[in-house]
Amino acid sequence: MSRPFQIANRRSMILLLSLLLSGGFFATTLFGYFVSKEAIRSAIIGQDLPLTSSNIYSEIQRDLVRPVLISSTMAHDTFLRDWVLKGENEVTEMARYLAEVKIRNKAFSSFFVSEKSGNYYTGEGVLKQVKEGEARDDWYFRVRDMQEDYEINVDPDLANRDALTIFINYRVFDFDGQYIGATGIGLTVDSVRHLIREYQTRFKRTIYFTDANGKVVVFGSQAETQPDLRTRPGLAAQLDQILKERSGLYQFEDKGDNHILNVKYLPELKWHLFVEQNEDVALAGIRQTLYVNLAISLLVTLIVTFLSYLTLGHYQSRIEKMASTDKLTGLLNRHAFAILIDKLLANYRRKPQPITFLLSDIDHFKRINDQYGHRTGDLVLANLAELLRSTLRAADFAIRWGGEEFLLVLPGCTGEEGLAIAEKLRQEIEAATPSAEHPEIRTSMSFGVSQFNGSESPEQAISRADKALYAVKENGRNGVRLAADETPARNPA
């Protein structure tokens, strides 16, 4: 029987196919990821972040700048100035006025501090008197001496159990331009933080405000302490430049992540608005898509590789069979013999054992072709080949040597044993009916037998078998002969 005949290393081909597929998928997926990443990054820098800053600025104009306008209105209010110039006599009138401002504008507190009397008025009357040297009153004397019309600062509110409050402190002048006090309203830091948290939720950005020195004055976190920007190395290195330029787009690294920062100066509040985007967070979605795509690519690669393995195995088997077998008889061809005999000789060199060659030829085969045609001749040839193959052991193999010649290779058999096998085959072929369509056709075969002696080449051993076969034909055909054996070939009576 013939052994599997390999003409290619299927594993190498499958491995190469897998590498090409996975490499192609990987390269395509990564290329798409980097293109998308750059597109998203460009959109963040060129559109999203500036637009977010503008939208937040508009929100602030409504939510935070409005208290500045209210304080400005109070500072220029005729009632307030007339009341001060008339001697601050009716305290209830000022209290009612401040209470109305507070309620109407939904402020946390409203106040007026008189330069003349030092009284600190709220919606409930006189809270206290401000005094120089008292730490809690430093803000007033700072406002009195400053050049700007107003300031925004964060302080505890004495009138509201020291709740942390954002105050708009506006300087008040009489009709002749003389300084007469400070007025304004206050908003709780928590309420402003709530607004910022709403912005952050809506715009999915980190938002905070700093003063002119870069100190964070309002932020959206729940933390008790204000974050210190100068402790963030990537941002601290360019913070002074950012504050100097007031507005612009910046980038920095923090804890291994790349951050994009848009800064906008708010002159009404005298604060800087920082809108920060963690680029890695923004790319989390596309990164997740990358992982999914890679997983899909791997799955597709495995499926395609497996199907290719099955398909290639099927077609490779067919190709190997076509390349190694004779199409008419199904026996191995000479090309297959050249490969198999090399393996057989390699085994012989490791562990010597007898190898016997049987070279056979169909007697008078030309007469069958001439009398019955080549179609019948081919059928006879194929049936006799099948008879030879079915008689051999699993370790043996049969080759169509050419025309009507066959070579049988019998590993583990001596010449004498091969001679007996040849005689048995001769008798079976002589008794066989090789054509069902023409049962009258009878034929016979002649055999030459040689045992490989270990020092010769396979071709030399086969040549000796050929000489023995020639001797059988010279002696009347339908016989067997062992090469180098001078005993006359045995012929039936």
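This is a predicted model: local features need pLDDT of at least 70, side-chain atom pairs count only at pLDDT 80 or more; totals for chains, interfaces and linings use all residues.
**View 1. Arginine 246 sits in a loop between a helix and a strand.** Look for the stretch between α7 (233–245) and β9 (248–254), and you'll find arginine 246 there. Its phi is near 75°, which is a positive value in a residue other than glycine. Most residues other than glycine have a negative phi. Is arginine 246 buried, exposed or partly exposed? With a relative accessible area of 41%, arginine 246 is partly exposed, because that value falls between the 20% and 50% cut-offs.

**View 2. Lysine 255 has a positive phi too.** Here we've moved to the loop between β9 and β10 (257–266), where lysine 255 has its place. The phi of lysine 255 is near 55°, and this residue isn't a glycine either. At 81% relative accessibility, lysine 255 counts as exposed, since exposed means over 50%.

**View 3. Strands β1 and β2 make a hairpin.** Strand β1 (residues 109–114) pairs with β2 in the antiparallel sense, over two bridges. Across the pair, valine 113 stands opposite tyrosine 120 in β2. Four residues lie between the two strands, and glycine 118 in that turn has a positive phi of about 75°.

**View 4. The next hairpin takes us from β2 to β3.** Asparagine 119 has glutamine 129 in β3 as its bridge partner, while tyrosine 121 is partnered with valine 126 in β3. Now check which way the β2 residues point: Asn119 and Tyr121 go one way, Tyr120 and Thr122 go the other way, and all of them are buried.

**View 5. Five strands line up in an open sheet.** Read across the sheet and the order is β13-β14-β12-β15-β16, with mixed pairing. Which strands stand at the edges? They are β13 (397–402) and β16 (480–482); each has a single partner strand, so one side of each is left without a neighbour in the sheet. On average, neighbouring strands of this sheet are turned by 20° against each other, direction ignored. For a look at one pairing, go to β13 and strand β14 (residues 405–411), which are antiparallel over five bridges. Within that pairing, alanine 398 has leucine 408 in β14 as its bridge partner.

**View 6. Six residues make a nonpolar surface patch.** The patch covers about 590 Å², and its members are Leu299, Ile303, Phe306, Leu307, Tyr309 and Leu310. Let's zoom in on one of them: leucine 307 is found in helix α9 (residues 284–324). Leucine 307 counts as partly exposed, at 47% relative accessibility.

**View 7. Glutamate 423 is a buried residue in a helix.** The helix in question is α13 (residues 415–431). Why does glutamate 423 count as buried? Its relative accessibility is 14%, and buried means under 20%. Which side chain does the side chain of glutamate 423 meet in a polar contact? The partner is glutamine 427, and the contact between the two side chains is 2.9 Å.

Note on methods
Residues are numbered from 1 along each chain as its sequence is written. Side-chain values use heavy atoms; hydrogens and water are left out. Buried means under 20% relative accessible area, exposed over 50%, partly exposed in between (1.4 Å probe, protein chains only). A polar contact is a pair of N or O atoms within 3.5 Å; within protein, one must be able to donate a hydrogen and the other to accept it, and residues adjacent in sequence count only if both atoms are side-chain atoms. Patches are made of residues with over 30% relative accessible area and no salt bridge: like charges are joined within 9 Å, nonpolar side chains (Val, Leu, Ile, Met, Phe, Trp, Tyr) within 5 Å. Accessible areas come from the Shrake-Rupley method with a 1.4 Å probe; for residues, only the protein chains shown count as cover. A salt bridge is a side-chain nitrogen of Lys or Arg within 4 Å of a carboxyl oxygen of Asp or Glu. Two strands pair if DSSP finds at least two bridges between them. Axes are lines fitted to C-alpha atoms, for helices over the stretch in contact, and angles run from 0 to 180 degrees between N-to-C directions.
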